[in-house]
Every structure is written in C-alpha cells, then in structure tokens.
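Here is a short briefing on one protein model. Look over the sequence and the structure first, then read the points below.

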Amino acid sequence: MISEHKTVGKRRRGGRPLNGILLLDKTDGVTSNGALQMAKRMFAAAKAGHTGSLDPLATGMLPVCFGEATKFSQFLLDADKRYRVTARLGVTTETGDADGEVLETRPVSVTEAQVLTALDRFLGEIEQVPSMYSAIKHNGTPLYKLAREGITVEREPRKVTIHEIRGARLEGEDLTFEVACSKGTYVRSLVEDLGAALGCGAHVIALRRLSAGPYPEERMITLEQLGLLKEQGGFEAIDDLLLPLSTSVADWPRVNLGDNAAYYLRQGQPVMASDRPAEGWVSLYQASTEQFLGVGEVLEDGRIAPRRLVSE
C-alpha cells in the first residue's frame, strides 16, 4: 500500500512515482499550466495536475497534485477561494484586467463610503456573466480563443456566492480588497460589475489567490524557492514539502473503518460504519493503521459507498 503522505522511489522511465500536494505560489506572467509543467520537471514526477487556473497576471496559491493526489484535485477545484484584488477605477479594458486593450476611460468621483456601499450589493448569491476571455468552453472551444478571433457568443449567467468582502481601501483611483467566494467566481467579472455599479468602469491590475479550500497562504512556496532548495538538498528536501493526500479533504467529516470494512471498501463495496454522518461525502480511514483510504458518500440505507480511493 502506498504511503498516504507520499511515495518516492527510484526515478523510472517517465518520472518518479510521487504522491502528494504542493502549494505552489505562482508568480505573475506565467500561465498555470506553465507553472505546473515547471514544478513537474523540478520534481521529475510521473504524473501531476493543478486545481484551477489562475490568469497569467495573477499570483498566489496553485495547489499541484502529484500522482494519486490527482484523484482528489476536483475537490480542491470545487472548494472556496480567497483573493486579494486591486482594481483601477475609471478604466475598462477588453479582458477586464491590465493585459487587455483599454476600451474606455472615465473620470472617477466616488468616495470610499460609496465604494463600500456598492461592494455590499455583491455579498451573497449573485449571478455573473462569464467573460469572453475566460476558459469556459463553447462547443468545445475555450471562450478566450474565440475572443482572440473577434468572435463573441452569448453566455448564460452563472450563480456564484460571495461569502465575504473585507479590507477595502481606496487610494486615488486604485481600490484594494479581499474577497472570499465560491467555486466558479470570476474576480475580473466582479470588478467589472463593480465598476459599472459605480458608473466609472474598472479593471483588475493585481490579483493574488490567498487560499484554496483548507490550505492557508503561509504554506506556499515559489518555483524559485523550490529551485534553491533542490540545489541545497536534492529531491529529499523538496519532497518534504509535499502535503498528505488527506489534507485535500481535511474539512470533511471523518469516518474510521475497521479492518474488514476497509478491505471490502477497497473491493469497491459499500460498507457500514458506526460513526458516520446521516448523509453527504466523508473522508475514510482504516482505524487500526490511521491510513487514509479515500472518500466516500453516505447512501440512503446508511452504508458508505467508495467514490475515490487511494490505490494499494
């Protein structure tokens, strides 16, 4: 059975059989896939994936899943996020951020109190129309590719939730604030909508993802820092940065299974457990070994069905 933290063996053809989660601090000017590929090469990992793209302009948390952790990447993609954003009021751009061409410039004559009132309107469940420069696909083609060809298509509004907006500070024409939001929230669209509500327009000039799901900002590391650490201590030094697979669902209800139940669960069979919740998804452990088994879902009859399991 693999370790639930990580498995590191000799380098095989195609990469090392590495399992774990790296909290990468993406720098600006790099695509999420570009950062992922650089991290994968640095670890010489056989398999890796990230958990939700950041725009090239954006920095901050990009969890990278190696090996078995890729099975749980969807749960991080679906998790809540927190961002720090700086918006330039009075200017709208083609893309909604500083990478796009300027479309319109208007005078700014709003107070911080007016900005705070406008921000309050976006709290709770709201509808957003995705930008044409988003990665959402239309008939299999990402919208941003269509936009670059001068094609605009109709986009259906999406419901997202803004949990919290705090720390708003207006300095001249630049507004900085933190926002905690649900999956699928486009901060660029939020800023554009805020600019429209204020009557002056706005676009993003800086964006940093502070957290994703259960992971705090303090655990992040840049590619540059990784490179220096590897130079000093080799693979052992950077492998120690990997978080256990179980941390991806650390905030889920935990269910401990006996040895027999754990065996049958690994065979793909639903099992009974005494300490389970009445419904929903749970993280699963073998009680005798503290081994993380994966995640399951409580069925109507009370049994727990396996949904994503760590390979033996």
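Of the contacts in the protein with a separation of 6 or more, 66% join residues 24 or more positions apart. Contact means heavy atoms within 4.5 Å. This is a predicted model: local features need pLDDT of at least 70, side-chain atom pairs count only at pLDDT 80 or more, and totals for chains, interfaces and linings use all residues. Residues are numbered from 1 along each chain as its sequence is written, and side-chain values use heavy atoms, with hydrogens and water left out.

**Whole protein**
- The protein has 7 helices and 16 strands. These are DSSP runs, numbered from the N terminus: helices are H or I with at least four residues, strands are E with at least two.
- Its C-alpha trace spans about 70 × 50 × 40 Å along the principal axes.
- Of the 312 residues, 49% are buried (under 20% relative accessible area, 1.4 Å probe, protein chains only).

**Residues 40-187**
- An unreviewed UniProt entry places "domain: Pseudouridine synthase II N-terminal" here, at residues 40-187. Such annotations may be inferred rather than shown by experiment.
- The span is 17% helix and 39% strand, and its end C-alpha atoms lie 28 Å apart.

**K81**
- K81 is found in strand β4, residues 81-89.
- K81 is buried but has no salt bridge (a side-chain nitrogen of Lys or Arg within 4 Å of a carboxyl oxygen of Asp or Glu).
- The nearest side chain of opposite charge is D78, 7.1 Å away. Lys and Arg count as positive, Asp and Glu as negative; His and the chain ends are not counted.
- Leaving aside neighbours within four places in sequence, K81 contacts residues including L76, V179 and R209.

Definitions and conventions
Buried < 20%, exposed > 50% of the residue type's maximum accessible area, 1.4 Å probe, protein only.
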